[in-house]
Every structure is written in structure tokens, then in C-alpha cells.
Amino acid sequence: MVPQSIGCQILEIVSELEGIVFSLDLFEKQVGDEIITLLQNGRKFEESNDTNELESFHQAASRLGIGSSRAALTERRALKKVIERARMEEDKRKESIVAYLLHLMRKYSKLFRSEVSDDDSQGSTPCSPTVLDSLEDGGSGGSGCAFERQLSKLNSFNFKPNIRRSGQIPLPPEELRCPISLQLMYEPVVIASGQTYERICIEKWFSDGHDTCPKTQQKLPHLSLTPNYCVKGLIASWCEQNGVPIPDAPQESLDLNYWRLALSASETANSRSMDNVGSCNFKEAKVVSLEKSGTIKEVEVNESENESQCPQEEVSEINVLERYQEFLSVLNEEENLMESCKVVEQIRLLLKDDEKARIFMGANGFVEGLLRFLESAVREGNAMAQEIGAMALFNLAVNNNRNKELMLAAGVIRLLESMISNSNAHEAATALYLNLSCLEQAKSIIGSSKAVLFLVQLLGHETDAQCKLDALHTLYNLSTDHSNILNLLSAGIVNHLQSLVVSGDHTWTEKSITVLINLTSSETAKEEMVSASDLITGLASVLDAGKPIEQEQAVSCLLLLCNGNEKCSQIVLQEGVIPALVSMSVNGTTRGREMSQRLLMLFREQRQRD
């Protein structure tokens with residue numbers, strides 16, 4: 001299957017791997033020893049909480065990264081599956097040991113922080129038993145004596161703040177990393193599901209025969225890829241802010257997570273049945289404690305009794321659903337705008353990073369409820385409420401085309417038009433326009449609305465930089481739809497983009513030229529661009545002093561303008577671009593070298609004709 005030279009290298013790697021002896025991490029070995037000590041003590045399920053057992057369990061859970069209710073739920077489900085396998089293998093000893101570990105997970109379930117909260121923080125470690133007991137004994141208004149009593153009773157606990165070292169490389173936000181490679185993206189592209197991936201990763205996924213989205217497992221109507229310049233710009237901004245080099249090539253180590261996703265795709269149908277297996281109760285399981293002599297002592301237990309005493313994941317899910325219903329009731333029935341505003345702010349925070357919440361709320365009337373709230377805020381002229389409502393809708397629409405479609409059907413564009421006409425909440429409105437413009441069928445709707453003039457004018461205002469970037473990225477999305485180009489030209493987009501290019505500010509240069517490239521699909525736009533007084537001069541300046549990616553875009557734009565237009569070629573040559581093009585043909589990016597060579601060849605052919 002592979003060339004002989006590569007085959008020899010593979011054989012060398014295999015032989016090296018066969019000779020490797022993996023040693024258990026000292027940290028994990030210590031955890032294992034502590035758990036074994038618990039087993040050797042032979043604790044029975046019906047015994048009351050023991051201080052040493054609680055301490056050992058807390059330390060083990062912390063070291064193993066079981067620090068939240070969701071992680072604890074995952075651990076319990078995994079233990080249940082191990083028990084099922086042990087039963088199938090008729091391994092009573094293994095079954096009893098794992099049943100005891102499952103018992104510990106349930107017994108101390110209150111140690112884990114809930115991940116459903118009103119703010120963006122999530123617990124990274126289990127709630128310390130001292131803190132937990134102090135809250136139960138003293139309450140929120142207690143004097144702290146209960147905390148001191150528990151602290152003295154369990155004085156062997158050490159509390160170390162979880163602070164990141166200053167020299168540690170910051171982790172990029174999830175939306176800037178490819179879901180397949182888990183690395184910062186070099187060439188992000190959008191697929192039909194609305195998800196963004198590294199180009200070479202998703203191309204490999206499709207070439208392997210998949211027609212689904214790796215992340216959502218959604219079947220795709222088509223396999224076309226659209227460059228996501230918005231995310232690429234965000235990646236560059238994040239790298240500059242955090243002192244991280246901007247990716248100049250896609251990461252090479254892509255396979256590990258790729259195969260995890262591929263395996264996940266093949267097992268989606270099986271996961272439901274496994275969840276059903278994982279939800280069974282273990283009655284009359286035999287717990288085997290390990291004596292120091294190596295003999296086994298059996299303890300009869302009935303897990304159903306313990307289940308009634310510990311809060312379970314099902315109860316937690318019911319509580320979450322009840323909370324959602326309360327939110328929806330407020331949206332539908334509350335007439336006081338400020339009271340509704342508090343609930344919408346909670347919804348906004350909840351939707352920020354929770355994809356399941358977006359799916360549930362989109363399917364259960366939250367789109368209509370939030371639009372009604374936003375309409376009330378616009379009617380009353382409350383800018384703060386408008387901003388909160390628009391950002392809640394923004395979070396609801398992130399990576400969810402179904403929710404975007406529901407918003408369009410419910411009249412969100414008409415509502416945004418009223419919002420931009422009657423308030424100063426321009427940043428939130430622009431962000432929501434950007435999110436909606438990622439949906440293909442929304443482009444023509446937004447492009448035929450008042451949004452075009454609003455967004456184009458933002459480019460010339462002294463407004464917030466992020467707001468201007470959002471407007472520029474939205475205009476890029478709209479310019480990919482040919483039917484929008486005349487409206488964009490009527491709004492004066494060429495002059496505003498020319499000003500951004502000539503300004504020399506790298507924040508706008510690449511994005512502005514990219515929009516200009518999209519506009520060149522219209523002959524009318526090309527004529528207007530050639531006639532613009534300073535645009536050609538600005539593009540020539542980028543060839544001289546721009547960044548490599550900016551030079552690449554500038555030469556691509558000039559090639560499109562000059563092809564078949566000798567007048568434009570003469571104007572470009574008068575700017576003295578030949579030295580810069582020759583330099584790019586040798587030192588530019590891969591695409592930049594190709595484009596500069598083609599433009600030089602075009603000039604040569606025209607000179608020969610002359």
C-alpha cells in the first residue's frame with residue numbers, strides 16, 4: 001500500500017513500540033494505592049460517612065480530573081458499562097470491585113459542582129468537603145464557625161489555588177480550533193452544516209467517503225467548502241493579542257482526533273442502546289473487599305437503597321428542564337421589561353457555550369419568546385435591553401442553522417431594521433447580522449434590506465473596532481451572493497473599502513481586499529473600482545509594504561481587474577509595481593507567487609501586442 005522506503009520506516013517505528021515498556025505515572029499510582037486502601041478496609045454500603053474514606057475519595061477525584069457534575073456523570077456511566085462487561089465475562093471479583101467504586105461515586109455525589117450556573121465559570125475541582133459541610137451547617141448567612149469546625153475536623157486537606165502559570169502558552173478558544181485536529185486553523189472553511197474546519201482535515205473526511213458533519217453527525221446536502229475569512233481574521237487577532245505565532249501552514253498531527261470522530265460517526269446508532277444499558281440498577285451485587293492476606297471477603301448489598309439517598313443525573317436533567325420552562329414562562333407572560341431583562345441575560349449566559357441548550361431552546365419556542373422581548377425593547381427604546389436581547393439571539397444562533405432559519409421565518413430582519421433605525425445598540429445588531437449572514441438563504445434577505453446601507457456606513461464611522469470588523473465580515477458574506485452586489489455598490493461600498501485599504505491599517509487591509517475580490521464578479525463593480533481615484537494606488541502600496549497574506553490578496557485583486565482591461569493594466573504599471581511583483585514571485589506565499597507570475601505574464605503579453 002505504501003512505497004518501500006516508507007514501509008521500512010513504519011517497520012522501524014513498530015519495532016520501537018514493541019520494545020517500549022509503559023510505566024504508570026507516579027501521580028496515578030498514588031491514587032490507585034489510596035483506592036486499594038479503601039477496598040482493603042472492607043467498608044459496607046450501609047455504614048455512615050467516614051472521614052478517612054471521604055478524604056481519600058476527594059483527593060482521588062481531584063487528581064483524576066473528576067471535578068464537575070458532568071464529569072461525575074460520565075464516570076458513573078463508564079463504571080456501569082464495566083460492571084455489565086464483568087457480568088458477561090462472569091468475573092465476580094471485578095464486578096464487585098467496580099460496584100464498590102460506583103457506590104463511592106454516588107455516595108459523595110454532592111461534592112461535585114453543578115455545571116448549570118448563571119455565570120460563565122465552571123468548577124475545575126470537586127467542591128471540598130469542608131466547604132460543602134460549612135454551607136450545610138452554617139448556610140449562606142453563617143458566621144463561618146461551621147467552616148472552622150469542619151476544617152479542624154478534616155485538617156489534612158490542602159487547598160491549592162488553580163492558577164495558570166504566567167509562562168504557560170494560552171489555550172486558543174474552541175471556535176478558533178478545528179474540531180478534527182484540535183489545533184488553530186490555517187485555512188478555515190465552512191461546510192453545509194455551518195461548522196468550520198481546517199480545509200485539509202475536512203477534505204480528508206470527505207475523501208474517506210463521509211457525507212456527514214464530523215461534529216454534529218448531521219447528513220450534509222452538499223460537500224462544498226466556503227472559506228471562512230471571519231474566523232481567519234479572529235485567529236490572527238487572537239494570536240497578536242496573546243503573542244502566539246499566526247499559523248503559516250496547517251498542523252501535521254491530525255490523525256488521532258480524526259479517527260476518534262470517525263469512530264464516533266460509526267457508533268452513533270449504538271450509543272443510544274449503550275445509554276440504556278448504562279441506566280440499569282445493580283441489585284444484590286456482591287462487593288468484594290481485598291484483605292491484606294489476599295483472601296476475598298464478600299459483602300451483600302442492595303444498590304437500590306443507596307440510589308434513593310443520592311441525587312441522580314435524571315433528577316438533575318429534570319431540574320434543568322424545569323428551569324428552562326420557567327424562563328419561557330417569563331418570556332411569554334412577564335409584562336415588566338426589566339424583569340424579563342434579567343431572565344434574558346441568564347439565557348444569554350446559558351447559551352454562550354452550551355450547544356445542547358441551543359438545540360433544546362430552538363425547538364421549544366425560545367426563538368419566538370426572545371424576538372417578542374426584543375420587539376418590546378425596541379418599542380420602549382431601551383438600548384440596554386435591546387443589546388441583551390440581540391446577544392441572546394446571537395448565542396442561540398451560533399453553529400445552529402435551524403435556529404437561524406426559525407429567526408428568519410419569525411421576522412428577525414424586520415425587527416433589526418427597526419433596531420438600527422431607533423437606537424444606538426449598533427454593536428449587538430451588527431453581531432447578529434454577522435451570525436445570520438453565515439446562513440446561505442439569509443444572504444439575499446439581508447442584502448435587500450436596510451442592513452446594507454447601515455453596514456457600509458459603519459465602515460466609515462469612528463466606531464468600536466470590533467463592531468467595524470463584524471460589519472466588514474458581514475459584508476464579505478453578503479458579497480459572496482452575486483444578487484447583492486448592485487445593492488452594495490449603491491450603498492457606496494467601493495469608496496469605503498478604498499479608504500480602509502489606503503489607510504495602511506493592517507486591521508482592515510486583508511478583509512477589505514477580500515470583499516473587493518468578491519465584487520469583481522460584476523463588470524459594473526470592476527469599472528467602478530478602476531475609476532476609483534486612489535484604489536489602485538492603495539493596492540500597489542500593499543504590494544510594497546503589506547504582510548504576505550495582504551500582498552497575496554492585493555495581487556489577486558489586481559489580476560482580476562487587469563485581465564481583459566488594458567486601461568487598468570496601464571494604470572497599475574504607472575504605479576511601478578514590477579519590482580514588487582518580481583519579489584513576490586520569489587518570496588511570496590504559494591498562492592501569491594502564482595498570482596504575481598500570472599500578472600507579470602499578463603503585462604508581458606500586453607506589451608508584446610503593443
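A residue is called buried here when its relative accessible area is under 20%, exposed when over 50%, and partly exposed in between (1.4 Å probe, protein chains only). By that criterion both Y433 and F454 are buried. The model is predicted, so local features need pLDDT of at least 70 and side-chain atom pairs count only at pLDDT 80 or more, while totals for chains, interfaces and linings use all residues. Residues are numbered from 1 along each chain as its sequence is written, and side-chain values use heavy atoms, with hydrogens and water left out.

The overall picture comes next. The secondary structure comes to 32 helices and five strands, where helices (H or I, at least four residues) and strands (E, at least two) are DSSP runs numbered from the N terminus. The chain has 610 residues, and buried residues make up 45% of them. Its accessible surface comes to about 32,200 Å², with 50% belonging to carbon and sulfur atoms; such areas come from the Shrake-Rupley method with a 1.4 Å probe, and for residues only the protein chains shown count as cover. Contact means heavy atoms within 4.5 Å. Among the contacts with a separation of 6 or more, 66% are between residues 24 or more positions apart.

A pair of aromatic rings is described by the distance of the centres and the angle of the planes. Rings of Phe, Tyr and Trp (its six-membered ring) pair if their centres lie within 6.5 Å, and planes under 30 degrees apart count as stacked, over 60 as edge-to-face and the rest as tilted. Searching the whole structure in this way finds two aromatic pairs. Y229 and Y476 form an edge-to-face pair, at 5.0 Å centre to centre and with 80° between the planes. Because Y229 lies in helix α9 (residues 229-242) and Y476 in helix α23 (residues 465-479), this pair ties together parts that are 247 residues apart in sequence. Y229 is partly exposed at 22% relative accessibility, whereas Y476 is buried with a relative accessible area of 7%. The pair of Y433 and F454 is tilted, with 6.4 Å between the centres and 45° between the planes. Here Y433 belongs to helix α20 and F454 to helix α22 (residues 451-460), so parts 21 residues apart in sequence are tied together.

Two lysines also meet aromatic rings. A charge sits over a ring if NZ of Lys or CZ of Arg is within 6 Å of the ring centre and within 35 degrees of the ring normal. K232 lies over the face of Y186, at 5.6 Å from the ring centre, and the charged end of K468 sits over the ring of W508, 5.0 Å from its centre.

Helix α20 (residues 426-437) also holds S437. S437 is buried, with a relative accessible area of 0%. Leaving out residues up to four places away in sequence, S437 touches K443, I446, T474, N477 and L478. The C-alpha atoms of S437 and N477 are 6.1 Å apart, although the two residues are 40 apart in sequence.

Neighbours within four places aside, L234 is in contact with L176 and Q466. L234 and L176 are 58 residues apart in sequence and 7.5 Å apart in space, C-alpha to C-alpha.

Rolling a probe the size of a water molecule over the atoms shows where empty space is left. On a 1 Å grid over the protein atoms alone, a cavity is a set of points where a 1.4 Å probe fits but cannot get out, and lining residues have an atom within 4 Å of a point. Grid points are joined across faces, edges and corners, and a volume is the space filled by probe spheres set on the points. The count comes to one cavity of 30 Å³ or more, and the largest cavity has a volume of about 30 Å³. Its lining consists of Y229, K232, G233, E510 and K511. The elements giving two or more residues to this lining are α9 and α26 (506-519), and α9 provides the largest share, three residues.

Finally, the backbone. Most residues other than glycine have a negative phi. E90, not a glycine, has a positive phi of about 55°; E90 is found in the loop between α4 (69-88) and α5 (92-107) and is exposed, with a relative accessible area of 67%. Q217 likewise has a positive phi, about 65°, without being a glycine. Q217 is placed in the loop between α8 (199-207) and β3 (226-227), and is partly exposed at 21% relative accessible area.

Note on methods: 1 Å grid on protein atoms, 1.4 Å probe; cavity = no way out; pocket = protein on both sides within 12 Å on 5 of 7 lines; lining within 4 Å.
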